[in-house]
Structures are given as C-alpha cells and as structure tokens.
Amino acid sequence: MIRLERLSAYLVELPLVHPFRTSFGEEKVRRALLISLEGEGKVGWGECVAGAGPWYSYETVDTALQVIRDFFLPLLRGKPIAHPTELGELLSPIRGHPMAKAALEAALWDLYLRLEGVPLWQALGGVREEVPAGVSIGIQRDLPALLDRVASFVEQGYQRVKLKVKPGWDIQVLEAVRERFPNLPISVDANCAYDLKDTEHLKAFDRFGLMMIEQPLRYDDLLGHAKLAGALTTPICLDESISSPHRAWEALELESCRIINVKQGRVGGISAALEIHKLAQARGVPLWCGGMLETGVGRALNVALATLPGFTLPHDISATSRYYREDIAEPAFRLTPRGTIPVPEGPGLGVEVVPERLLAAQVASWSFRL
Ligand code: NPG
C-alpha cells in the first residue's frame, strides 16, 4: 500500500529551439505543468500536456491546476493506494479534464514503479526497447525554409516526416516536398483546419502517397470524418477527436478513422491509453504515439507506451535536441543511427528531474499535504 504524503505542482517555461507553428497558433516557449507525488520515501513525476491557452483542447495549465487542487486532492486524501489502476475509480466522480487526470496518473505510476524497481515499459507489457522516431515540422516562413528543414531531419535519420498543413499551406507544400523526396514516408496534420465542404480539395492530397492525413476536420466531428473517409484513399488518423476510450470506440464504430494517434495525456492517462490499445488491436487498427512538445518527463512516458505491440507506426517522438537546448530531465533522448529512440533503462519513467534545471525553468510552484 502506498500512503501518499505530498503533491507538488511546478509551472515551468522552456524555450523551444525552433518556434512551432500549427494551424491553431505558434509556440515559442513551452509552458508545462509538472506534478510530483511523494510517498513511502520516493517521488514520482508526471507532466500535464495542457497548453497555456484553450487552443488545442479546452484544458489549460490553469484549469488543470485548479481541478487537481480543488477536486482531485480531496478525493486522494487519506486513501492508501495499492496500484495506480485504482486512480480511475477514485477520480470517477469528475467529468472530463483528461489532461489533468493523466498528469496525476503518470506521477502515481512513476512513484509505484520506482518503489517496485520496475521500468514502466516493462510494467505495461512493452515488446521493444527502442521505438521508431518521426518528426513533426511546423508551418514555415516559405517553401525553401521548409525544404531545408525536411532535408535536415531526413539526414539525421528520422523515419517519417509529418507536415503541418492548413488552407493555403497544403497542395503546393506537398508538391514541393514530394518532388524533392519521392520516397520519403510523409504524413500531414491539419489540426482541424478544414471543413467537410473542402472534400474535393482534400481529395487532391491522395496523389501524394501520404501515410495518413491527421485530424482534417473539427475536433468533435466524428460523423464528418466518417463521411470524408469514404471520399479519400489516404487513411484518416484522428488526434484531437479521440479524447477518451469511449470516443475511440465511437470513432472505430463509425469508421471515422483507420489510424489513431494516441497521446496518453490527451485521452486521460495510461489506463485510458491501454484501453484504446485494446480496442484498436481487436480491430487491427494501427496506433502511434503523438507528442505535445513534452519535457523529458512526458516524453519518457510516450516512449514507454510506444513499446506496446499495437504501436506500429513511427511516432511524434524525436530527440530532445529537436525541442530544447536543455531539458529539465536526464538522460536526454537521442536518435540512434537506425532512426529510433531507445527506452530509458531505470525504474518508473526512467528519467530524473534535475533540481537546478527545474528551479531555473520554474515560473511558480505549489505544494499540498495529502
Ligand atoms: O514532437 O512533440 C512533438 C510535437 C508533435 O506535432 C506535434 N504536436 O498537433 O499533434 C499536434 C502537435 C501539438 C503540439 C499539439 C503541442 C498540441 C501542443
């Protein structure tokens, strides 16, 4: 039994090596909420993937902090926990807020597995010790800048390149990149930038031999995606739309997508991601792990999840140096010559938060007795 003693939250800001532009905005600095849980003489860490504002999803670092403080803490107090999977039941009275829940669950798994001395990927039933790395390239100033960026990542050995698209930055981008890299595995991500009325326009993507088109339509539009899927040969992958295992089930039933991007932070945590993994495997739907510019804490979790058998496509999991000059956690993630990212070896998440770096990146912190 783990008796939890303290929950701490740290708001950190880390400057990105390159600004990251999508159809919904530009990030120059990643603002992240880190959570630590102390108990039985050890500390476990989790990262909340909510953004600074409600652009990718309705959750923000501030809403996450508020629900953790005002609603999760009272449910946790005085309740010894035997296993992290018990958290789902404990938090079941709270609707929504999957990103806040995921951060807490991550910290609990990390704490539990550090006490057990077991790496997360093994505890989850992972089947590989390194995962295929892809890279996601934001919208650039112009085409030459984009081509340079793609070339540099291809040279580094990334197995697939994901291009951010939006109306006005799509067909001509694909023409240019395809012409220069005829055999490169390419996917595109629209982050909800199109409408079902754009079906004819989106059909023009089919000629580029893309691995998938990710989240072309609204974040809550499963039916629209099902209709669009019938009109395209390029497989549709859903990201924003899959906010829970139940939404994944609906999307699969409706045939809204043929591929799912799993972000444990978006779907409510590790247990929710495992449920989606089971649903997808039963139907032969391939999965891959998305990323949200996480620090090493969140990335470690994504890498562990990506070792599961159903995660068969290259992930948005890139080397630390692609995001940050210096991460708050050690060791940094590096790209192997095979274009993979190895799983860290230690127990739990397998990375350590470096106290001086945390302090340097910290904007604010809170600490609560449990
Ligand atoms: O490699 O971590 C990464 C970034 C991958 O493109 C990426 N993430 O829409 O999936 C996305 C996008 C994102 C980033 C979304 C930050 C939300 C916040």
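A: Let's begin with the largest cavity: helix 4 (120-123) and helix 12 (296-305) each give at least two residues to its lining. Keep in mind as we go that this is a predicted model. The volume of the largest cavity is about 40 Å³, and the count of cavities of 30 Å³ or more comes to one. If you'd like to find it on screen, look for Pro 119, Leu 120, Trp 121, Ala 300, Ala 304, Val 343, Pro 344, Gly 348 and Leu 349, which line it. By class, that lining has eight nonpolar residues, one polar residue and no charged ones.

The largest pocket has a volume of about 680 Å³. Its lining is made up of 32 residues, and those closest to its centre are Pro 98, Ser 243, Ser 244, Arg 266 and Val 267. Several helices take part: helix 2 (87-90), helix 3 (98-116), helix 9 (245-254), helix 10 (264-267) and helix 11 (270-283) are the elements giving two or more residues to this lining. Helix 3 has the largest share, with four residues. Sorted by class, the lining of the largest pocket holds 13 nonpolar, eleven polar and eight charged residues. Domains come into the picture too: at least three residues of this lining come from each of domain 1 (4-117 + 351-369) and domain 2 (122-342).

Next up is the second largest pocket, with about 510 Å³ of space. Here 34 residues do the lining, and Phe 20, Phe 24, Glu 27, Arg 30 and Leu 293 lie nearest the centre. This time strands show up among the contributors: strand 1 (4-22), strand 2 (25-39), strand 6 (160-164) and helix 13 (320-323) each supply at least two residues. Strand 2 provides the largest share of the lining, six residues.

Strand 6 pairs with strand 5 in the parallel sense, over four bridges. At one spot in this pairing, Gly 134 stands opposite Arg 160 of strand 6. To get from strand 5 to strand 6, the chain passes through helix 5 (residues 143-156), making a right-handed β-α-β crossover.

What about the two sides of strand 5? As a rule, side chains in a regular strand alternate between the two faces of the sheet. In strand 5 (residues 134-137), both faces are covered: Gly 134 and Ser 136 are buried on one side, and Val 135 and Ile 137 are buried on the other.

One last stop is strand 12 (residues 329-330), where you'll find Ala 329. Ala 329 counts as buried because its relative accessibility is 3%, and the cut-off for buried is under 20%.

Note on methods:
Residues numbered from 1 in each chain as written. Predicted model: local features only at pLDDT ≥ 70, side-chain atom pairs only at ≥ 80, totals over all residues. Heavy atoms only, no water. 1 Å grid on protein atoms, 1.4 Å probe; cavity = no way out; pocket = protein on both sides within 12 Å on 5 of 7 lines; lining within 4 Å. Points joined across faces, edges and corners; volume = space filled by probe spheres on them. Nonpolar A, V, L, I, M, F, W, Y, C, P; charged D, E, K, R; others polar. Domains from an automatic or database assignment. Buried < 20%, exposed > 50% of the residue type's maximum accessible area, 1.4 Å probe, protein only. Pairing = 2+ DSSP bridges. Right-handed = clockwise from strand over helix to strand, strands pointing away.
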